[in-house]
Amino acid sequence: MSKPTYFIADLHLSEQSPHLLALFRYFMTDIAPQAQALYILGDLFDFWVGDDEDSEAIREIKQLLTQLTTQGIACYFCHGNRDFLLGKKFAEQTGVQLLPEYHKMELYGKATLVCHGDTLCTDDLAYQKFRQRVHQPWLQKLFFCLPLKYRIKLAQRIRQQSQADKKEKNAQIMDVNADTVRQTFAHFNVEQIIHGHTHRQAIHFLEDKKRIVLGDWREELSVFVVEEQYQGYFVNLALPQ
Ligand code: LP5
Ligand code: MN
């Protein structure tokens with residue numbers, strides 16, 4: 001019998017959230033080693049401004065990932081809107097394999113697409129405009145020329161602005177656009193899409209297709225488990241006392 005595949009997203013880890021770090025430590029040492037592969041579908045970090053970022057928390061996260069990949073468990077990473085600047089150096093240091101924006105795969109015989117999910121939220125025009133800008137290679141190159149502490153300051157300013165802007169947006173705008181979802185299913189010719197970003201953990205059935213939305217991590221961790229003989233299910237766990 002083959003081992004399960006795990007999917008997680010939107011952990012938003014940072015030095016400022018020791019509880020999330022503790023959940024990640026628990027997940028990576030007690031749960032993830034049971035998997036055949038782990039897919040991290042973006043926003044592992046609260047934000048990422050370059051692979052030269054360093055802190056005690058980052059060192060531990062890297063070490064936990066390395067520990068998993070050296071056990072032979074494949075670990076894949078798809079960029080989120082907070083950590084799209086995570087690069088090759090991080091991947092080399094941890095053994096994590098970077099995925100493109102959309103990654104199509106066979107998951108126990110099912111054609112499956114994985115992505116972060118932000119590109120499906122096409123009603124959020126302000127965000128899509130912002131995304132287009134910060135994904136420009138020349139701007140990123142320029143950004144990397146800045147000293148680390150300025151990059152962190154800028155990221156914090158953008159986070160503040162994003163939080164303020166979100167208060168003015170209605171929830172509908174920040175969800176996926178139904179037409180974009182339909183087009184994505186058709187374009188990639190898949191039976192299921194697994195993504196995060198909207199933080200609205202759910203399995204949506206669309207005719208004969210499925211869209212699985214991963215939950216973000218708060219009090220509990222959230223993992224979507226797919227096994228050969230099952231359709232897939234969510235596991236939500238708090239830290240053991
Ligand atoms: O992340 P979340 O859930 O809060 O909101 C997202 C969208 N916001 C973002 C921004 C990220 O939170 C922060 C990313 C930091 C990355 C590191 C710095 C990289 C700099 C790179 C330079 C090359 O993604 C939010 C969506 C929401 O998801 C739901 O989908 O609505 O989108 C926004 O809020 C976008 C705003 O509407 C526009 C943001 C304008 C920022 C302007 C910056 C001004 C700063 C000036 C500093 C001098
Ligand atoms: Mn996100």
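This is a predicted model: local features need pLDDT of at least 70, side-chain atom pairs count only at pLDDT 80 or more; totals for chains, interfaces and linings use all residues.
## Annotated domain

An unreviewed UniProt entry places the feature "domain: Calcineurin-like phosphoesterase" at residues 5-200.

## Surroundings of ligand 1

There are 24 residues around ligand 1, and of these Arg82, Asp124, Arg159, Lys169 and His197 come nearest. The side chain of His197 has an N or O atom 2.8 Å from an oxygen atom of ligand 1, and a polar side-chain atom of Asn81 likewise lies 2.8 Å from an oxygen atom of the ligand. Taken on its own, ligand 1 has 1100 Å² of accessible area, of which the protein covers 86%.

## Asp175

Asp175 is placed in the loop between helix 6 (148-168) and helix 7 (178-188). Residues up to four places away in sequence being left out, Asp175 touches Cys121, Thr198 and Arg200, and with the side chain of Arg200 the side chain of Asp175 makes a polar contact at 3.2 Å.

## Asp52

Asp52 belongs to the loop between strand 2 (37-40) and helix 2 (56-70), and its C-alpha atom is separated by 19 Å from that of Gly42, ten residues apart along the chain. Apart from neighbours within four places in sequence, Asp52 is in contact with Leu148 and Arg151. Asp52 counts as partly exposed because its relative accessible area is 39%, between the limits of 20% and 50%.

Notes: Residues are numbered from 1 along each chain as its sequence is written. Chains are lettered from A and ligands numbered from 1 in the order in which they are written. Side-chain values use heavy atoms; hydrogens and water are left out. Helices (H or I, at least four residues) and strands (E, at least two) are DSSP runs, numbered from the N terminus. A polar contact is a pair of N or O atoms within 3.5 Å; within protein, one must be able to donate a hydrogen and the other to accept it, and residues adjacent in sequence count only if both atoms are side-chain atoms. Contact means heavy atoms within 4.5 Å. Buried means under 20% relative accessible area, exposed over 50%, partly exposed in between (1.4 Å probe, protein chains only). UniProt positions are given in the numbering used here, feature names are shortened, and annotations may be inferred rather than shown by experiment. A residue is near a molecule or strand if one of its heavy atoms lies within 4 Å of it. Accessible areas come from the Shrake-Rupley method with a 1.4 Å probe; for residues, only the protein chains shown count as cover.
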